[in-house]
Amino acid sequence: MSISSQSLVDGVVPEDYFSFESILAEQQTIACVLKKSMFGLGFLDPSNQNENLVSGSKMELPLWMASYLANKEFVACELPKPYQETSRNILLADSSVVDLFKQVMYFYETGTKLIKIPHPECPHVSVSLVKTFVGRFKKIMDSSQNCRNQDLSNMCQKLDVDEKKLFEINRLSVELLDKWERRESNIIVPSNLVLQSRKRKRDQVF
């Protein structure tokens, strides 16, 4: 995850700095165009034959690096295809049929980091993320509540990682509620400390 040098000096890091999922979400590659030449960094571009990276060069960088360089005005970034206008229009039309997992495993996590990059379409991406989640939420809830004896792999196939978690949490909640209603849940028993305390009191009485 990208982090400013000032944050390191202050000893402050983002809450998700050590999050495994956050790290994976920022591995999404971003097409970038250099706005300034970078000397001695030609090795960053495998197709580059020169020692330096010259202004105007195109290369793909992981999101964490692209975000840092873009905010320092070293590069201009292009949005990944799943977040471009054409894809956003498809999501707006009917988000429930789109296979988000196939497009970007961490669709929402990556998207929330992507919108921090200076790009004119980022405000539209932000709105699209919210509308996509809202548009798919009801179907996820309905499916997770009515999935008994069904193949979960097929039902969750098009869900991104966060949606899969939401699906599983709701499925387990429904399952536990069902067990409780059928009186199949575990019987509540007093803790060992309570039992020992009662035993000591009885011993003191006798």
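Two residues are in contact when heavy atoms of the one lie within 4.5 Å of heavy atoms of the other. In the predicted model described here, among contacts in the protein chain between residues at least 6 apart in sequence, 66% join residues at least 24 apart. The chain has 206 residues, of which 30% count as buried, and its secondary structure comes to ten helices and three strands. Read from the N terminus on, these elements follow the order α-α-β-β-α-β-α-α-α-α-α-α-α.

The largest nonpolar core of the model has 25 residues, and those with the most contacts inside this core are Ile 30, Cys 32, Val 75, Cys 77, Tyr 83, Phe 107 and Leu 114. At least two residues of the core are supplied by each of β1 (29-34), β2 (58-62), α3 (63-71), β3 (75-77), α6 (107-114) and α7 (122-145), while the largest share, four residues, comes from α3. A second, separate core of six residues includes Ile 140, Met 141, Leu 159 and Phe 167. Within the largest core, Tyr 83 is one of the residues with the most contacts; when residues up to four places away in sequence are not counted, Tyr 83 touches Arg 88, Val 104, Tyr 106, Phe 107, Thr 110, Gly 111, Leu 114, Val 125 and Leu 129.

Two helix pairs that involve α7 were then examined. Two packed helices are described by the angle between their axes and the distance between the axes. The axes of α7 and helix α9 (residues 161-181) come within 9 Å and cross at roughly 35°, and the crossing of this pair is right-handed. On the α7 side, Phe 133, Arg 136, Phe 137, Ile 140, Met 141, Ser 143, Ser 144 and Gln 145 take part, and these meet Glu 163, Leu 166, Phe 167, Asn 170, Arg 171 and Val 174 in α9. By class, the residues of this contact divide into seven nonpolar, four polar and three charged.

For helix α4 (residues 85-94) and α7, the axes come within 10 Å and cross at roughly 30°. Because angles under 35 degrees count as roughly parallel, α4 is therefore described as roughly parallel to α7. The crossing of α4 and α7 is left-handed, and the contact is made by Arg 88, Leu 91 and Leu 92 of α4 together with His 124, Val 125, Ser 128, Lys 131 and Thr 132 of α7. The contact of α4 with α7 has three nonpolar, three polar and two charged residues.

Note on methods
Residues numbered from 1 in each chain as written. Predicted model: local features only at pLDDT ≥ 70, side-chain atom pairs only at ≥ 80, totals over all residues. Heavy atoms only, no water. Core = buried A, V, L, I, M, F, W, Y, C linked by side-chain atoms within 4.5 Å. Buried < 20%, exposed > 50% of the residue type's maximum accessible area, 1.4 Å probe, protein only. Axes fitted to C-alpha atoms, helices over the stretch in contact; angles between N-to-C directions. Left-handed = near helix turned anticlockwise from the far one by under 90°. Nonpolar A, V, L, I, M, F, W, Y, C, P; charged D, E, K, R; others polar. Parallel < 35°, antiparallel > 145°, perpendicular 65-115°, else oblique.
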